[in-house]
Amino acid sequence: MEHFFEYVAALSLTAKLIYCILGVVLIHIAFRLLERTLPRHFGYGDHRYRVRKMLAAAGYIIILMFIAILFADRLKHVGFAVGLFGAGVVVALQDVIASFGGFIAIGFSSLYRVGDRIQVNDTKGDVIDISVMRTTVMETGNWVSGDLYNGRIVRIPNNAVLKGFVFNYSQGFRFVWDEVKVRLTSESDHQLAREMLLRVAIDTVNDYIVEAQGTWKRIAENYRIENPLLEPMVTLQVSGGSLEFSLSYFVDYTKGTLVKDQLFTKIIDEVVNSNGRLEWASSSTTVVLQPAAADFRAPANLASATSGTAR
């Protein structure tokens, strides 16, 4: 090994540069092949992803070690120059360095991990990859309603987590509160409407109640937080002469659109089968006035124009 280091130190700068380029290319090719073949032996999903990320990190480390060994003798004499160069790099690449700092914050602070649904600034979606510089997200919402994928992949610089809020829908309590509004006429039976909405909600989200209660209990053990009402709730207010009911309920963050569809489908069936006790409030009313034939009077200008033509 000592003879190897002596041989490397005796190489000219040109030879070292050539070896450096060849070595980096060969190491990169070797690890790219490993990333494609080795993960196949580790099952599916999360295991493959972790193996692939470990191989990528190992490749970068080996490349840095190779360069350090190759130029070890010259690095001893360029300390001051490297310091000045490093200060310039810090100023010029501050966003890149901040993204690397964000990557460390994501890992050590457990802000999110692959598979979590997050929202960073105005971007919301499921995390599909976390690299040193960027987080890749499969976006939901935007021009698509609810929690459905819109098909767009977004890459968020990691430094965004250091500058703004990060919302994580998956950590701890994976349920969110949602709400639907139902407007009925003032003549509708408000007691029947309230009972109907509660019955429909409990029937729809009943499967989540036990799981949500257990999840919230675990959160309460780690944080100073009150126990909320986890059962559906109906509130009423009068708006524009109509009865406006608000049905609040909790739902798994991945099933908000599906549950809302189920709720509205059942509510419509209940209103239709209420024998007129529940009626939808119209959002607008159109009034058409038709004058009687005996009362019709032509405008003065129209009458004169008609008499002139007759002549």
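Which exposed residues does the face of H6 turned away from its buried side carry? I started my notebook with that one, and I kept in mind that this is a predicted model.

**Entry 1: helix H6**

I found Gln94, Gly107 and Phe108 as the exposed residues on the face of H6 turned away from its buried side. I then looked up the helix itself: H6 covers residues 94-109, which makes 16 residues. From the first C-alpha to the last, H6 reaches 21 Å, close to the 22 Å expected at 1.5 Å a residue.

Next I listed the buried residues of H6, and they are Ser99, Gly102, Ala105 and Ile106. Looking down the axis of H6, I see these buried residues fall within an arc of 115°, so they line one face of the helix. A reminder to myself: an α-helix has 3.6 residues a turn, so residues three or four places apart point the same way.

**Entry 2: around H6**

I asked what covers the buried residues of H6. The cover includes strands S2 (123-130), S3 (134-140) and S4 (149-157), along with helix H7 (160-163). I also checked what follows H6, and found serine 110, with a positive phi near 55°.

**Entry 3: valine 24**

I moved on to valine 24, which lies in helix H2 (residues 13-37).

Leaving aside neighbours within four places in sequence, I have valine 24 in contact with Ile63, Phe66 and Ile67. I also looked up leucine 64, 40 residues from valine 24 along the chain: their C-alpha atoms are separated by 9.1 Å.

Key: Residues are numbered from 1 along each chain as its sequence is written. This is a predicted model: local features need pLDDT of at least 70, side-chain atom pairs count only at pLDDT 80 or more; totals for chains, interfaces and linings use all residues. Side-chain values use heavy atoms; hydrogens and water are left out. Helices (H or I, at least four residues) and strands (E, at least two) are DSSP runs, numbered from the N terminus. Contact means heavy atoms within 4.5 Å. The expected span of a helix is 1.5 Å times one less than its number of residues. Buried means under 20% relative accessible area, exposed over 50%, partly exposed in between (1.4 Å probe, protein chains only). The arc is that of the directions from the helix axis to the C-beta atoms.
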